[in-house]
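Student: I have just opened this model. Can you take me through the terms used for it?
Tutor: Gladly; here it is.

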Amino acid sequence: MQHGEIFKKYRSRLVREGVLKSFLNGLIVFGALDAVISLIVWLCGMQGGVWLALGAAAGGGIACGLLFYFLKYKPTEKDVARRIDALGLEERTVTMLDYADDGSYLALRQREDAKKALRVASNLKMALSVSVALIVPAVVAPVIGAGMNTVTALAEHGYLPSGQDIFPSAKDQYIELTYMVDGDGEIEGEELQLLLPGESGTPVKAVASDGWEFVGWDDRSGDPYRLDENVTESTIFTALFIELPEEDDGGDPSDEIGGEGQDSDMMDPDGSAGNAEGGPGSEGGDNSDGNGSGDGGQDSDNQGGSGQGNGAGYQYEETNQILNGNTFYGKELEEYKRKLEEKLANNEDLTPEERRFIELYFGTL
């Protein structure tokens, strides 16, 4: 048997040994990945996590097995020579390869000696060399992964608690403090605050936009500035804004009745002109509509008295909406109240108590 055939024979055995070692390493990686991914899936309570863990672990195991073979366990000529020398050739094969291109007499003699030794070694068997330190993890890792897969599958179907049931996440321990607006305005400060139960929030302030007015919070607080302390549960507070009416210049003050008197061209019964601040005097000086003194009026039997009227001067003019000398905003207020009632009807977040409070507030205006 030529030494080339001997090399080929032992090389094939080393290839099988390298494939076996690479497979065992890939099995270790597969088991470890399967266990870790299954644990993460169980902690997160994911659905279908068993197949995700198996698929990812299988892909990782195959990739790692191939890398181990081509980077570490694929035999070279020197690897084969060393394993042959380990059968008792005392490094003759390795030396023969080292001096393969040397034409000296000593090199020729060494090669002849190595060939004779190879012919003797051709009948020797080369055992596979796999360490126990590689075999044990290759058995244990898949067992652990399979056990973790079983736990994940049982938790997914409700037979065991998931990791979220046993170890609640830190996010679940927080409560939310939320500030919102109803109308045209904004919140100065943090509108969404995450707090631990019993903590206090940060200050906020409700600010109305131009043409709008802040009327209070939905919890009956009328101060636009607020700082909520000792918050024990998630809560939402809403700042309420209403639109202000447009300013009205009103009518001509000279048209008001019951104010300072107007000059009158009315004639007294005797033909003389009377100058009165109020209405013409009557017997007894009674004037119910205005403040004024009757001056110079004649009665058929009695001298007209100088009467002082005590009327309140209450007057409403449809044209300029003047009430008691001031602009009357009754219609505008009714319109805004109607709009607010529509908003209340469409807002499902308000409780009956909150709706009643807002209705009572606008009922007093």
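**Terms and values**

Tutor: Start with Glu359, which lies in helix α9 (residues 352-363). Helices (H or I, at least four residues) and strands (E, at least two) are DSSP runs, numbered from the N terminus. This is a predicted model, where local features need pLDDT of at least 70, side-chain atom pairs count only at pLDDT 80 or more, and totals for chains, interfaces and linings use all residues. Residues are numbered from 1 along each chain as its sequence is written, and side-chain values use heavy atoms, with hydrogens and water left out.

Student: Why is Glu359 called partly exposed?
Tutor: Buried means under 20% relative accessible area, exposed over 50%, and partly exposed in between (1.4 Å probe, protein chains only). Glu359 has a relative accessible area of 39%, so it is partly exposed.

Student: Where is Glu341 relative to Glu359?
Tutor: The two are 18 residues apart in sequence, and their C-alpha atoms are 7.9 Å apart in space.

Student: How much of the chain counts as buried?
Tutor: 28% of its 365 residues. The chain has nine helices and nine strands.

Student: What makes the span of α2 agree with that of a helix?
Tutor: The expected span is 1.5 Å times one less than the number of residues. The 25 residues of α2 should therefore span 36 Å, and its end C-alpha atoms are 34 Å apart, which agrees.

Student: And how far does α6 reach?
Tutor: Helix α6 also has 25 residues. From first C-alpha to last, α6 reaches 37 Å, close to the expected 36 Å. Just after α6, Gly158 takes a positive phi of about 85°.

Student: Why are α2 and α6 called roughly antiparallel?
Tutor: Axes are lines fitted to C-alpha atoms, for helices over the stretch in contact, and angles run from 0 to 180 degrees between N-to-C directions. Angles under 35 degrees count as roughly parallel, over 145 as roughly antiparallel, 65 to 115 as roughly perpendicular and the rest as oblique. Helix α2 (residues 49-73) and helix α6 (residues 132-156) pack at about 155°, with axes 9 Å apart. They are therefore roughly antiparallel.

Student: Which residues make the contact?
Tutor: Contact means heavy atoms within 4.5 Å. Gly49, Val50, Ala53 and Leu54 of α2 meet Asn149, Thr152, Ala153 and Glu156 of α6. By class, that is four nonpolar, three polar and one charged residues. Here Ala, Val, Leu, Ile, Met, Phe, Trp, Tyr, Cys and Pro count as nonpolar, Asp, Glu, Lys and Arg as charged, and the others, Gly among them, as polar.

Student: Which residues of these helices are buried?
Tutor: In α2 they include Gly49, Val50 and Ala53. In α6, Asn149 and Thr152 are among them.

Student: How do you know that β1 and β3 pair?
Tutor: Two strands pair if DSSP finds at least two bridges between them. Four bridges join β1 (residues 175-182) to β3, and the strands run antiparallel. Ile175 has Leu195 in β3 as its bridge partner.

Student: What makes β3 and β5 edge strands?
Tutor: The open sheet of four strands has the order β3-β1-β7-β5, with mixed pairing. In it, β3 (192-195) and β5 (212-217) each pair on one side only. The twist averages 20° from one strand to the next.

Student: How many bridges join β4 to β6?
Tutor: Two, and these strands run antiparallel. Val204 stands opposite Arg226 in β6. Strand β4 (residues 204-208) is also joined to β2 (residues 185-188), by four bridges.
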